[in-house]
Amino acid sequence: MSRAVLYSSVMLLPVALQAQSVTFTKHVAPILQQKCQECHQPGSIAPMSLITYEDARKYARRIKTRVSARVMPPWHIDKTVGIQSFKNDRSLTDEQIATLVKWVDDGTPLGSAADMPPAPKFPDPNRWHYADQFGPPDLVLRSKPYDMAARTQDKWFRPVTETGLKEARWVRAIEIKPVKPEHRKIVHHVLTLLEQAESDGITNLAHEAHGVQRSAGLFMEWAVGKVGEVFAADAGKLMLPDSKIRWEVHLHAIGEEMKNVEVELGIYFYPKGVVPERRTVLRMFDVSRGSELDIPPNQTAMTQNFYVMQAPARLENFQPHMHMRGKALSLEAVYPDGRKEVLSAVNNFQWNWHVNYVYAEHAAPLLPKGTMLVFTAWHDNTSNNPNNPDPNQWVGWGDRTVDEMAHVWIDVTYLNQADFDKLVAARKAAPKVTP
């Protein structure tokens, strides 16, 4: 049975909608405007536009297939387990998916022009997105340009950029994007490392974590499907005078020469004098057990790794990273009292959408010291995986897109024990909401 059939079997329309025709103007256009058109418009990142009725009708069968399989919009979290409250949830509801499916099955009727909602005015899709919330970035840094040949091996470009800072500043949000929209086609991911010396340890890191976390962690990771990171209101990152950004820009050839490829980093500071209580650290939790992936031809493979939290912490997000054979990845917590809880799982990973699932404030996991995190990754190296370029190849760990990886990027905010106890008590006393 196909994944689309599995999903459509549980998607039921309201009785009132089952009895009438689903039309584009009254039922479909509002969904596309709310969940699809920001990307599916001319000049944005999607391969086709879904602005008009003619657009949607042309791609109707593809729309049905993609939304039924929950491939699009790109939100691949398993909705049957774990935390379901996120700050950036872009998924369709079961009712919205059923509406789109019925519209296609009914022959894509247009409907009355009077039912058509006014066209939304979308901002520039290549803008600094967080400027809507914070205003323009306080600091913009750009990598050196790189020329990518039409046909060549993957490249990892590692230039260094001076920040130009002359005073310490706390960061509340970071955003990364290719400078030109067409360069999104070849930039697989970007890592930025903040190079600076902190003489007195990691400033504002919870003292319980000083023996655990000996560096400031990665400054920011970006991949297609992610905008950036906005830190919790009580947390942030610190940039010191004369610091530098060391880039790692992973590029892959697509048969078209790309000249002067650049990426830029937009940094939003807290107001001067504002010092957040806590330091957030971006950690990579390796699931491949030190690059020990072994994925035989025409088979599936499962890999696990385990981490014990040596200090109390709050997890801010869940962002799995795999490549073409990646299929699923889960995170489970085993608490010191033996209780087990699945925190998050992606059950339909899509290698070209590295979605960062950012927990809502009331749902971000609060983990006591001694909690064991269990990461489990599944890879599908068979012909059943539509993303698999060659199921007859053995696949192991590697940096190239045709190789494989398995890790999770998580912003960890370490907590002093007293602060942890206060946060746990406050959450228990708060009104119950959806987990």
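Figure 1. Arg 339 has a relative accessibility of 44%, so Arg 339 counts as partly exposed. Glu 341 is partly exposed as well, because its relative accessible area is 30%. In this predicted model, the two form a salt bridge whose closest N and O atoms are 3.9 Å apart.

Figure 2. The protein chain has a mean pLDDT of 91, and 95% of its residues reach 70 or more.

**Figure 3. Helix α3 and its N-terminal cap.** Helix α3 spans residues 24-35, and its buried residues include Phe 24, His 27, Val 28, Ile 31 and Leu 32. Which residue caps the N-terminal end of α3? Look for Thr 23, which places a side-chain oxygen 3.3 Å from the backbone nitrogen of Lys 26.

Figure 4. The structure's aromatic pairs number 13. In one of them, the ring centres of Phe 24 and Tyr 53 are 5.3 Å apart and the planes meet at 65°, so the arrangement is edge-to-face. Phe 24 sits in α3 and Tyr 53 in α4 (residues 53-58), so this pair ties together parts that are 29 residues apart in sequence. Both residues are buried. In a further pair, Tyr 146 and Phe 157, the centres are 4.8 Å apart with planes at 45°, so the pair is tilted. Here Tyr 146 belongs to strand β2 (residues 146-148) and Phe 157 to strand β3 (residues 155-157), 11 residues apart. Tyr 146 is partly exposed, at 22% relative accessible area.

**Figure 5. Phe 318 in the largest nonpolar core.** This core has 45 residues, and Phe 318, Phe 375 and Tyr 414 have the most contacts inside it. Elements giving two or more residues to the core include β13 (278-286), β18 (326-334) and β22 (372-380). Strand β24 gives the most, with four residues. Which residues touch Phe 318, leaving aside neighbours within four places in sequence? Among them are Ile 77, Leu 329, Leu 331, Val 355, Val 408 and Trp 409. Phe 318 also joins Trp 75, Phe 86, Tyr 357 and Tyr 359 in a cluster linked by ring pairs.

Figure 6. Side chains of opposite charge can pair when their charged atoms come close. A search of the whole structure finds 24 salt bridges. One of these joins Asp 242 to Lys 166, with the closest N and O atoms 3.2 Å apart. Asp 242 lies in the loop between β9 and β10, and Lys 166 in the loop between β4 and β5, so the bridge ties together parts that are 76 residues apart in sequence. Both partners are exposed. Lys 226 and Glu 221, in contrast, are both buried, and the closest N and O atoms of their salt bridge are 3.3 Å apart. Finally, a network of salt bridges links Asp 234, Glu 277, Arg 278, Arg 314, Glu 316 and Asp 419.

Notes. Residues are numbered from 1 along each chain as its sequence is written. This is a predicted model: local features need pLDDT of at least 70, side-chain atom pairs count only at pLDDT 80 or more; totals for chains, interfaces and linings use all residues. Side-chain values use heavy atoms; hydrogens and water are left out. Buried means under 20% relative accessible area, exposed over 50%, partly exposed in between (1.4 Å probe, protein chains only). A polar contact is a pair of N or O atoms within 3.5 Å; within protein, one must be able to donate a hydrogen and the other to accept it, and residues adjacent in sequence count only if both atoms are side-chain atoms. A nonpolar core is a set of buried Ala, Val, Leu, Ile, Met, Phe, Trp, Tyr and Cys residues joined through side-chain atoms within 4.5 Å. Contact means heavy atoms within 4.5 Å. pLDDT is the predictor's confidence in each residue, from 0 to 100. A salt bridge is a side-chain nitrogen of Lys or Arg within 4 Å of a carboxyl oxygen of Asp or Glu. Rings of Phe, Tyr and Trp (its six-membered ring) pair if their centres lie within 6.5 Å; planes under 30 degrees apart count as stacked, over 60 as edge-to-face and the rest as tilted.
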